[in-house]
Structure formats: C-alpha cells, structure tokens
Amino acid sequence: MLDRETSDATMTSPAPVLPARQAVFTNPFIPFPREATEQSIAARFEEMVAKYPQRLAIKTQEQELTYEGLNQAVRRLARTILAHRGVGEEPICLLLAQGIPILVGIMAVLKAGKIYVSLDPAYPPATNRYILSDSQAGCLVTDHQYLALAHTLTEGNLQVIDMDGIDPGLAGDNLAEGPLATADSLAFLIYTSGSTGQPKGVIQNHRFVLHNTMWHTNLLHLGAADRHLLISSTAFAATVGIIFPALLNGGALFPFRLAEDGYTGLCAWLIRQEITIYSSIPGVYRQFIASLTGQETFPKLRLIKLGGDALLKKDVDLFRKHFAPGCIIRFGFATTETHSISVYLIDAHSTITGSIVPVGYPVEELRVLLLDEEGQEVGYDTVGEIAVEGRYMAQGYWRQPELTRAKFLPAPLGGDARIYLTGDLGRMRSDGLLEHLGRKDFQVKIRGYRVELPEIELALLDQDNIKEAAVLAQPDPAGENRLVAYVAPGSTPPPTVRDLRLGLAEVLPDYKIPSFYVFLEALPHLPNGKLNRQALPIPDETRPELAQAFVAPRDQREEQLARIWEEVLHIQPVGIHDDFFELGGHSLLAAQIIARVIQTLSVEISVQAFFEAPTVARMAEQLAQSGGVDQEGGQDGGPPATPPITPVSRDAY
C-alpha cells in the first residue's frame with residue numbers, strides 16, 4: 001500500500017502553488033514565527049497579554065474583556081482547578097455558556113496544564129453523559145446558569161466547580177508553578193459530531209494548535225486589528241481555527257448567539273461591531289445571505305471563511321453581489337483529525353467552472369493522496385479516498401487504539417510523518433484543485449449501480465428554490481434500496497416532485513434520481529450546524545404530496561390497475577392521474593407492474609407503451625384502445641390470446 005514507485009499517471013507531488021494564491025492579502029500583519037510553535041498555548045497567550053494588555057479580547061452583547069481582564073479571569077480559574085485537582089495532565093470538562101465563560105474556561109484549563117473537553121448545553125443529555133464518561137474527566141467546570149444541569153449530568157459522581165463561585169479577590173497574578181504544559185502536552189479532546197455513528201474523541205497537542213495558527217496567520221494575514229465572528233459551539237472542531245488565530249495574534253473575538261438573535265441580528269452585529277472575519281459552514285452562510293435586503297454594506301468585512309460542507313457556484317455569485325470587491329472567500333476542506341487539508345481563495349475576479357466549488361489546493365507541509373480500494377494511489381481526475389501525509393495532525397482517538405492504528409498509518413519513508421485516512425472521497429483535477437465528493441460511507445448501491453449520495457444532494461441544491469437538501473438510501477417495504485430525497489424549499493410555493501425530477505434528469509442518470517421526496521420546512525441539524533441524518537423521518541407508505549389532486553378509480557379496470565400499482569409501489573392510495581415516476585417508480589418496478597397486469601388482466605402492454613402512459617388512467621385508456629383480450633381467445637374472431645406468464649422452477653427448461 002502507498003508505494004512511492006508511482007507511474008506517470010499517478011500524482012507524485014502536490015500541484016505547485018499558483019501565483020493567484022500569493023499576495024492576495026495586502027493588509028499589514030506580523031508573521032507568526034515557526035519558533036513560536038515550540039511552546040505552550042498559554043505561553044503564547046501570555047505574550048499577547050504583555051503586548052496588548054488594554055486591547056479588546058472578547059466582546060458579547062452584554063460584556064467585554066481586554067486581554068488583561070481576560071488573563072486575570074483565566075488565572076483565577078486555573079488556580080482554582082489546580083487547587084481542586086493538583087498538577088498533572090487530565091481531561092477537564094467544560095459546561096459553560098457560549099461566549100466569555102467558555103473562552104475563559106478553555107484558556108484556564110490550558111493554563112493549568114490540563115486537557116479541555118468542551119460540552120454543549122444544547123447537546124442531548126445522553127450525548128453529554130457519554131462524553132463525560134468516555135473522557136474520564138477529572139472534574140466538570142460550569143457556572144450558575146448550568147449548575148443544575150451539571151449536577152444532573154454527573155449524578156453526584158464527579159467533582160463540579162462553579163466558576164461563578166470563585167472569590168473575585170483570588171490572586172490574578174501568574175501561577176507560582178510556572179509553565180505547566182509544553183508543545184508536546186495534550187491540549188484538548190474534541191468529540192466528532194456523531195452524525196455517522198458514535199462520537200469519537202480526537203486528541204490534539206499544543207504544537208498542533210500553534211502550527212495551525214501559524215499557517216492560518218501567515219496565509220490570511222491575521223493580526224491584532226482583526227475582529228473575528230464566533231457563532232459556532234466550542235464543542236465543534238472548526239472553532240479551534242477561530243479562537244486561537246484570534247487570541248494568539250492579539251485579535252478580538254465577537255461571540256454571537258445565532259439561535260437566539262437570528263440572522264437579522266447577525267447582520268446588525270457584523271456592521272455595528274465592524275467584524276473583519278466571518279466564519280461559518282456554507283449552510284449558515286446561505287441562510288444569512290437569504291436574510292439580506294441588498295441595502296446592507298459591510299465595509300470592514302475582508303474575509304469570509306467557509307468550510308464543513310459543499311459550496312455552490314451560486315453561493316459565490318451572491319457573495320459578489322453583497323460584499324465589497326476587496327472581500328475574499330476562504331473555502332476549504334478540513335477534518336477534526338487534521339484541520340485544514342486544502343484551501344481555495346476566491347475573490348471578485350475568480351472564475352468558478354461547474355456548479356460545485358472545488359475545495360482548493362493542498363496546504364503547505366501536507367501531501368494529499370487519492371487511494372483506490374487496494375490502497376494504491378490513483379491518477380488525476382480519478383475518484384479515490386482522500387488521505388493526508390504530514391507531521392501535524394491529531395495524536396489519535398481517545399481510548400481507541402485499534403481505530404487509531406487503522407486510520408493513522410506510518411509514512412512509507414519513516415520519520416515522524418504519518419498518513420491519515422479521511423474516509424472521504426475526492427478527485428484531484430489536473431490543475432491541482434481538489435474536489436470533495438462526500439463520505440466514503442455515503443456510497444451506496446442502487447439497482448446494482450454505485451451511487452455517491454453527496455453528488456445527488458449537490459444536484460438538488462443547485463435546483464431553483466431549494467434551501468437545504470439531503471439524500472438517504474433506505475430500504476423500501478420489499479427490502480430493496482431506494483433513494484429518498486429530503487428537501488426544504490427556500491420560499492413558497494415549493495417546487496413540485498415533477499419540477500425536481502425534470503431538473504435532476506438534466507444532470508443525473510435515471511438510477512441517481514431519488515424515488516421518493518419528503519418536503520420539510522427545515523432539515524434537522526446537530527448543534528454544530530451540520531445535518532443530523534439520523535433525525536430525518538422515515539417515509540411511510542402514504543401517497544406523497546403531488547401537484548395533482550388525488551382522483552379515485554372510476555371503474556373496475558382503473559380499480560384493478562390502481563391496486564396493482566399500490567402493491568408494487570407500496571404506496572396507498574394511488575390516484576388515477578398520479579405519475580408512476582413521481583410515486584417513486586423506476587424501470588425494474590415498471591417491469592413488475594407490466595407482469596402483474598398481463599397475469600391479472602390477461603392483456604398485453606409493452607414497456608414502451610407503459611412509459612408513454614405512466615398513469616393508471618392513461619394505462620386503462622391504452623388497454624381499451626388496444627382491444628384487451630382474455631385468456632379464452634381473441635375478440636371479434638381475432639387470433640387466440642397469448643398465454644399468461646406463469647412462474648416455473650429454475651431447473652425447468
């Protein structure tokens with residue numbers, strides 16, 4: 001596996017850095033030196049406090065702290081944690097309000113030489129209990145707001161520290177113990193969202209965070225003048241790339257409660273606080289853009305950081321419409337285990353070909369590999385699993401050594417580099433741009449064909465008036481896999497099933513067009529904003545919402561045909577004007593219906609005739625026009641009837 005002896009067809013090195021990716025940002029900044037990665041996060045933060053003591057560090061709607069004020073709070077909590085737990089590396093769980101409390105908690109745990117584990121009060125209690133148990137936390141830090149919840153979650157089995165109960169007179173000077181962490185110390189334990197299974201704890205050290213901060217700082221020209229929006233939960237791995245590039249460069253963080261204050265409030269917050277850097281997943285960005293009237297201006301916004309989901313060409317078109325020409329989108333692909341893998345910088349003059357935006361060029365100091373099912377590298381323009389080779393990545397999975405060994409492999413040439421198997425599918429274009437094609441475990445078989453679900457989701461999102469879309473492969477009542485599309489319309493009236501099928505038919509083959517469509521006001525999401533696939537409802541056997549009204553059978557022939565359709569499609573009731581394909585039909589089910597019609601009604605109908613008349617009413621008309629025959633013989637002295645098709649043993653001739 002991963003043989004370095006590659007053919008000319010394979011990718012032997014990353015694509016060169018293109019001139020368009022250089023010198024895009026012209027704002028002054030202080031480069032983050034490589035030597036600064038060989039220390040602890042707390043040591044670098046202390047440097048920023050000494051350099052910018054009175055500069056704004058954090059501001060919410062209710063409160064703000066300077067770097068000196070933040071550091072005083074951090075030192076007091078760190079001193080309290082050490083008084084309760086003593087010196088030594090161990091996980092400390094944080095159950096705190098998103099904003100100043102959680103940021104103080106994170107920095108204090110790191111200051112005390114501990115490992116922070118951020119819980120989210122919005123998570124289901126079962127999820128938080130699982131993380132508390134799996135992390136083997138030494139204690140739980142909370143505040144008055146969540147003290148009752150903390151006691152409920154711990155059930156008296158874990159020490160609880162109330163941050164609001166700390167004596168404000170407690171000394172806020174530096175710890176007498178001195179530095180309690182190094183670059184090699186573990187910094188945090190972040191649990192994956194669990195959208196594809198049980199959450200896994202990913203372990204990162206201080207050097208990883210500082211290296212990631214160095215890379216972001218120097219690429220994006222981050223500095224003390226930047227004002228960073230923070231809307232995601234700190235339990236979400238992407239916030240590592242927001243919090244530390246801000247606080248370790250002297251910048252300011254502006255937490256915003258999107259769930260409480262909405263997108264209108266977000267717009268006002270960006271303008272009033274002169275935010276320079278916006279960060280979110282594309283889905284949140286898409287809804288934010290939809291809330292704008294077109295009259296707003298964001299003169300200070302210079303960078304929009306997007307990741308975690310697909311970005312569409314129409315998203316970029318809206319970006320050009322609403323933001324100043326100097327503003328830039330930074331889109332990319334990252335994982336909790338590696339953070340940034342590729343990056344794409346898009347400005348007002350960038351040309352996007354196709355409806356889906358590539359996730360960019362491999363970042364420096366990482367080698368991106370595309371592997372086939374045997375673990376061999378594939379060439380350009382060929383789909384493979386994305387793997388990453390480099391020195392700076394997660395230490396592994398908490399308390400899961402076998403999974404760590406399976407996903408983190410030693411590099412073929414040895415040294416301290418490793419290879420991480422992402423489980424995501426991708427394709428490297430000949431120009432060096434990486435395309436992300438979704439999770440490997442979202443690849444399914446439909447009627448014998450291999451199908452990538454994200455490809456269909458992106459095609460749905462590209463249709464008019466679709467705000468959100470998801471596709472699952474679910475067994476129908478007969479046990480056969482079928483594609484079910486879940487869509488949330490952007491406005492009323494919603495598109496019809498026919499509209500969606502016709503639009504998808506222009507870009508997808510028949511077997512990739514979903515059989516069933518479920519319309520929802522909004523798709524369910526996890527607290528980190530990503531889609532919660534496990535919460536999508538399972539379709540039942542009732543008739544879907546169609547553009548045409550239900551019309552019951554009018555005679556015995558239509559009643560017989562409708563019953564056959566209901567039995568084959570597993571849908572009730574079937575109206576006589578309902579389109580076969582809009583009910584979830586496809587060629588294999590059409591063959592079943594034709595066989596049932598021939599056997600039950602003793603009449604002939606071809607596949608072509610059925611496709612030309614895909615409703616019960618039109619099928620009944622065709623049968624009447626063709627002079628349907630019975631089993632006894634022809635009509636009007638015509639030729640004898642074709643004998644019915646009867647099943648025979650597989651061993652028979």
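Which ring does the charged end of Arg-482 sit over? Select Arg-482 and Phe-516: the charged end is over the ring of Phe-516, 5.1 Å from its centre. (A charge sits over a ring if NZ of Lys or CZ of Arg is within 6 Å of the ring centre and within 35 degrees of the ring normal.)

Before you click on, note that this is a predicted model, where local features need pLDDT of at least 70 and side-chain atom pairs count only at pLDDT 80 or more, while totals for chains, interfaces and linings use all residues. Residues are numbered from 1 along each chain as its sequence is written, and side-chain values use heavy atoms, leaving out hydrogens and water.

Next, pick Arg-44, which lies over the face of Phe-32, at 4.1 Å from the ring centre.

Now for ring pairs. The whole structure holds 15 aromatic pairs (rings of Phe, Tyr and Trp, using its six-membered ring, with centres within 6.5 Å; planes under 30 degrees apart are stacked, over 60 edge-to-face, the rest tilted). Select Tyr-278 and Phe-288: their centres are 5.7 Å apart and their planes at 20 degrees, so this pair is stacked. Tyr-278 is in strand β11 (residues 277-280) and Phe-288 in helix α9 (residues 282-290); helices (H or I, at least four residues) and strands (E, at least two) are DSSP runs, numbered from the N terminus.

Hop over to Phe-298 and Phe-323, a tilted pair with 5.3 Å centre to centre and 45 degrees between the planes. Phe-298 is buried, at 7% relative accessible area (buried is under 20%, exposed over 50%, partly exposed in between, with a 1.4 Å probe and protein chains only).

Finally, select Tyr-278, Tyr-285, Phe-288, Phe-298, Phe-319 and Phe-323 together: they form one aromatic cluster.
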